[in-house]
Amino acid sequence: MSRAPLQQRLISIVEPAVNAAGYELVELRFLLEQGGWTLRVAVDLPLEQHGDRDEVPSDRVDLAACEELSRELSAVLDVEDPIPQAFNLEVSSPGIDRPLRTAAHFAYFAGSEAKIQLAVPLQLPTGERRNFKGILQGFEGSEVLIECDGAAFRLPIDDIEHAKLVPDWDAVMKGKSGTGRVADRVTPVKPGHRASPKGRVEQAHDHRKDGSSSRRAQAHSVDETAADAENKEQG
């Protein structure tokens, strides 16, 4: 996927540490929010450890795991020091509307509904198009395959700005994962319901002029459906 230099640098630092801890980096974003800069890291168990996609996994990345990984990433980031300004480090599970970042993600969730936003618009006879919502058809070559409104599209993965699964809320209300194949679902119905909280750990980094840093950690639960549409992302 399309990555700015800072984004690439952060992934190159964070991903090996996440993998060494036995997890997979699902998403990494560096955002300017109301409270300041935030480095948001979402992790999950490796795809090969996932079971039936329709079922809620019995083994999850819980709050304790996020706390431990937050400490490890904080130490690595202090050594590498890729971000000059103060920032908050948030480590969490990916949530029900799971982000999709790698070729393996798009291949594994083929058959599920997803939203994809392109950084570089696709040139079509009808004009440019950046936003796609439809059924993932897998991954081929360097392109994500998706079917939208009966039409098939091939989206270069390097041109994708952001992608995530679209939850099946009817399935979620029945105790399922909500990320299974659309062909196996009942027509989704999204009630007036908010998703259950996910574990998230925040670690604040205050980078000072003398090169030292101070940190404070806070663990809590947040609603994973909270919108960040007004956040400004730095690359």
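Asp 81 counts as partly exposed, because its relative accessibility is 40%, a value that falls between the 20% limit for buried residues and the 50% limit for exposed ones. In this predicted model, the residue sits in the loop that joins α2 to β3 (87-92). Its backbone deserves attention as well: Asp 81 is not a glycine, yet its phi is positive, at about 50°. Most residues other than glycine have a negative phi.

Strand β7 covers residues 151-156, and Pro 156 is found in it. Pro 156 counts as partly exposed because its relative accessibility is 25%. Leaving aside residues up to four places away in sequence, Pro 156 touches Ser 142 and Glu 143. Pro 156 and Glu 143 are 13 residues apart along the chain, but their C-alpha atoms are separated by 4.3 Å.

Helix α1 spans residues 5-20 and helix α2 spans residues 63-80; their axes come within 10 Å and cross at roughly 140°. The two helices are therefore oblique to each other, as an angle would have to be over 145 degrees to count as roughly antiparallel. The crossing in which α1 passes α2 is right-handed. On the α1 side, the contact is made by Arg 9, Leu 10, Ile 13, Val 14, Ala 17 and Val 18, while α2 contributes Leu 69, Leu 73, Val 76, Leu 77 and Glu 80. Sorted by class, these comprise 9 nonpolar and 2 charged residues, with no polar ones.

These local features belong to a protein chain with 4 helices and 11 strands. The chain has 235 residues, of which 44% count as buried. Among its contacts with a separation of 6 or more, 62% are accounted for by residues 24 or more positions apart. The chain exposes about 12200 Å², and carbon and sulfur atoms supply 47% of that area.

Notes. Residues are numbered from 1 along each chain as its sequence is written. This is a predicted model: local features need pLDDT of at least 70, side-chain atom pairs count only at pLDDT 80 or more; totals for chains, interfaces and linings use all residues. Side-chain values use heavy atoms; hydrogens and water are left out. Buried means under 20% relative accessible area, exposed over 50%, partly exposed in between (1.4 Å probe, protein chains only). Contact means heavy atoms within 4.5 Å. Accessible areas come from the Shrake-Rupley method with a 1.4 Å probe; for residues, only the protein chains shown count as cover. Axes are lines fitted to C-alpha atoms, for helices over the stretch in contact, and angles run from 0 to 180 degrees between N-to-C directions. Angles under 35 degrees count as roughly parallel, over 145 as roughly antiparallel, 65 to 115 as roughly perpendicular and the rest as oblique. A crossing is left-handed if the near helix is turned anticlockwise from the far one by less than a right angle, and right-handed if clockwise. Ala, Val, Leu, Ile, Met, Phe, Trp, Tyr, Cys and Pro count as nonpolar, Asp, Glu, Lys and Arg as charged, and the others, Gly among them, as polar.
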